[in-house]
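The sequence and the structure follow.

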Amino acid sequence: MVAFQRLYEGSAGSLVRQSLLLSGDSAIADRALAHAFRLAWERWPEVATDRDPAGWVRATCHEFALSPWHQLVPDRWRRPVLIGDEHRPLLAGLLALPRGYRRALLLWDGVGLTPAEVAAECEATATATESRVTHARAALAERLPVLAAVPPAEHGPLIGALLTRCADTLPVRPLPAPAALAASERTSRRIVGAATALVTGTTVTLVGSGLLAALQ
């Protein structure tokens, strides 16, 4: 439990900010964080012995934040991120990128992973990952004059600095670690309870149908 709380305290804030940059929506970012740590808690023996527990949670969080299913969520459940005018072009440029490009760029230039680490986390080849980042940088340069004004070789570090400055301004307040752990436990219990009820109901129905057939 202590190790879980330390992992949460050390990464929750940055993961919410990353999810905001990936999704542009505060509600999605909050759900992504909760989802990632709930799964981490349910699979804690696996996560705790992983070579990179923080990376495990980050990958799960990013996958949720980028899920195409969010497009089906009603507008009333959305909360577009509050962001200053200075950073809106950057966020708009990010959100205009394909999801895979967005994720690779954030990991490469924003988080600072190595090319091999980015490829592994994105489950793509090194060649495909590098191509995504190159195209993503070029697309942002078309939207942001500050990038267009420098050679392509300087785009990576500059984008990293822009992402960091933007992320630092995002208003995030993750739950305290004890509250997040309690929420993870409650949600896990509800899911298990619902699954148990479904299985039990299905079994009763099948048994009842079998008895009825036998009596006919």
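## Terms and model

Helices, as the word is used here, are DSSP runs of H or I with at least four residues, and they are numbered from the N terminus. The coordinates belong to a predicted model, and the descriptions below should be read with that in mind.

## The second largest pocket

The second largest pocket has a volume of about 340 Å³. Its lining consists of 14 residues, and those closest to the centre of the pocket are Arg51, Asp52, Gly55, Trp56 and Glu121.

When the lining of the second largest pocket is divided by residue class, eight of its residues are charged, four are nonpolar and two are polar.

## The largest pocket

For the largest pocket the volume is about 400 Å³. The pocket is lined by 23 residues, and Asp30, Arg31, Leu33, Pro174 and Leu175 are the ones that lie nearest its centre. Three helices, H1 (2-23), H2 (26-42) and H11 (177-215), each supply at least two residues of the lining, with H2 giving the most, at seven residues.

The lining of the largest pocket divides into 15 nonpolar residues, five charged residues and three polar residues.

## Cysteines

How many disulfides does the model contain? With a disulfide taken as a pair of cysteine sulfur atoms within 2.5 Å, the count comes to zero.

## The nonpolar core

The largest nonpolar core holds 53 residues, of which Leu21, Phe37, Val57, Leu90, Leu94 and Leu105 touch the most other members. Helix H1 gives the most to this core, with nine residues.

Which residues does Leu94 touch, when those up to four places away in sequence are not counted? On that basis, the residues in contact with Leu94 are Leu21, Arg102, Leu105, Leu140 and Leu163.

Definitions and conventions:
Residues are numbered from 1 along each chain as its sequence is written. This is a predicted model: local features need pLDDT of at least 70, side-chain atom pairs count only at pLDDT 80 or more; totals for chains, interfaces and linings use all residues. Side-chain values use heavy atoms; hydrogens and water are left out. On a 1 Å grid over the protein atoms alone, a cavity is a set of points where a 1.4 Å probe fits but cannot get out, and a pocket is an open set with protein on both sides within 12 Å along at least five of seven lines; lining residues have an atom within 4 Å of a point. Grid points are joined across faces, edges and corners, and a volume is the space filled by probe spheres set on the points. Ala, Val, Leu, Ile, Met, Phe, Trp, Tyr, Cys and Pro count as nonpolar, Asp, Glu, Lys and Arg as charged, and the others, Gly among them, as polar. A nonpolar core is a set of buried Ala, Val, Leu, Ile, Met, Phe, Trp, Tyr and Cys residues joined through side-chain atoms within 4.5 Å. Buried means under 20% relative accessible area, exposed over 50%, partly exposed in between (1.4 Å probe, protein chains only). Contact means heavy atoms within 4.5 Å.
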